[in-house]
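Hello,

Here is the structure I promised to pass on. Please have a look at it first, and then read my notes below.

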Amino acid sequence: ALDYYHRSLDIKVRVVGQEHISVADTYNNMAIVYKSQGHYERALEYYQKDLDITIKLVGHDHPDVAKSYGNIGNVLDEMGKPEEALVQLKKALEVFVAVFGYEHLDVAAVYNSIGIVYRKKGDLENALLQHQRALEIRTRVFGSEHPSVAGSSLNMGLVCRSQEKTEEAKEMFTKAYSIFLKVLGPDHPQTQRAKRRSRLKPEPE
């Protein structure tokens, strides 16, 4: 895939120049591949190239810019740099809210990412708050029986478990399991994972 993207990038730069949306898109695609391979430094480099071009083309207040900030934040989180990750994720949140308002799934996704970073940092109160916000938006958009709602419930359960709030954790895990069971069926990996957690069995995260 990377060989193809490198060849495609060379052609696009020769034809349309460096500052073109198709070049930015190719940088983004290359970053996705690098991230999937665990090459986070290279992923960060290419996400930054995507961001720089996108800002020049559309300005700062654009959803594509927010997505780039979010991608950079998620890579920084994978690299074990939570403070830098939060800076980028909060930039993404600010742009998404400015463009879409608070009741939007992209806003919920960033709240979710911020919550994950806070949980890893041990800031459990802030983590729970972010996941609660994501859950509320997803519930209003999708209704109460949707995999995204189940995912937010799972994340809240993980935070409650870290807080040693056993009953609250079990409640959230059970809610997630019930949704996954209904929507995805009993044999889906998400359903099975939620089922184990609803029984409060330890497992690798």
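This is a predicted model, in which local features need pLDDT of at least 70 and side-chain atom pairs count only at pLDDT 80 or more, while totals for chains, interfaces and linings use all residues. Residues are numbered from 1 along each chain as its sequence is written, and side-chain values use heavy atoms, with hydrogens and water left out.

**The whole protein**

The protein has 10 helices and zero strands; here helices (H or I, at least four residues) and strands (E, at least two) are DSSP runs, numbered from the N terminus. The C-alpha trace spans about 60 × 35 × 30 Å along its principal axes. Of the 205 residues, 42% count as buried, where buried means under 20% relative accessible area, exposed over 50% and partly exposed in between (1.4 Å probe, protein chains only). Among contacts (heavy atoms within 4.5 Å) with a separation of 6 or more, 51% are between residues 24 or more positions apart.

**The core**

The largest nonpolar core has 58 residues, and Tyr69, Leu93, Val107, Val110 and Ile114 have the most contacts inside it. Such a core is a set of buried Ala, Val, Leu, Ile, Met, Phe, Trp, Tyr and Cys residues joined through side-chain atoms within 4.5 Å. Helix 5 (residues 82-100) gives the largest share of this core, eight residues. If you click on valine 107, you will find Leu93, Phe96, Val97, Gly101, Tyr102 and Ile137 in contact with it, leaving aside neighbours within four places in sequence.

**Helix 4 and its partners**

The axes of helix 4 (residues 63-78) and helix 5 come within 8 Å and cross at roughly 160 degrees. Axes are lines fitted to C-alpha atoms, for helices over the stretch in contact, and angles run from 0 to 180 degrees between N-to-C directions. Helix 4 and helix 5 are therefore roughly antiparallel; angles under 35 degrees count as roughly parallel, over 145 as roughly antiparallel, 65 to 115 as roughly perpendicular and the rest as oblique. Residues making this contact include Tyr69, Gly70 and Gly73 of helix 4 and Ala92, Phe96 and Val99 of helix 5. By class, the contact of helix 4 with helix 5 has 12 nonpolar, four polar and four charged residues. For these classes, Ala, Val, Leu, Ile, Met, Phe, Trp, Tyr, Cys and Pro count as nonpolar, Asp, Glu, Lys and Arg as charged, and the others, Gly among them, as polar.

With helix 6 (residues 105-121), helix 4 has axes that come within 11 Å and cross at roughly 20 degrees, so helix 4 and helix 6 are roughly parallel. Lys67, Asn74 and Asp77 of helix 4 meet Asp106, Ser113, Ile116, Val117 and Lys120 of helix 6. This contact of helix 4 with helix 6 has two nonpolar, two polar and four charged residues.

**Helices 9 and 10**

Helix 9 (residues 166-184) and helix 10 (residues 189-198) have axes that come within 8 Å and cross at roughly 155 degrees, so helix 9 and helix 10 are roughly antiparallel. The contact residues include Phe173, Tyr177 and Leu184 of helix 9 and Gln190, Thr191 and Ala194 of helix 10.

Is leucine 184 buried or partly exposed? Leucine 184 counts as partly exposed, because its relative accessibility is 31%. Leaving aside neighbours within four places in sequence, leucine 184 is in contact with Pro147, Ile179, Gln190 and Thr191. Histidine 146 lies 38 residues from leucine 184 in sequence and 9.5 Å away in space, C-alpha to C-alpha.

Best wishes
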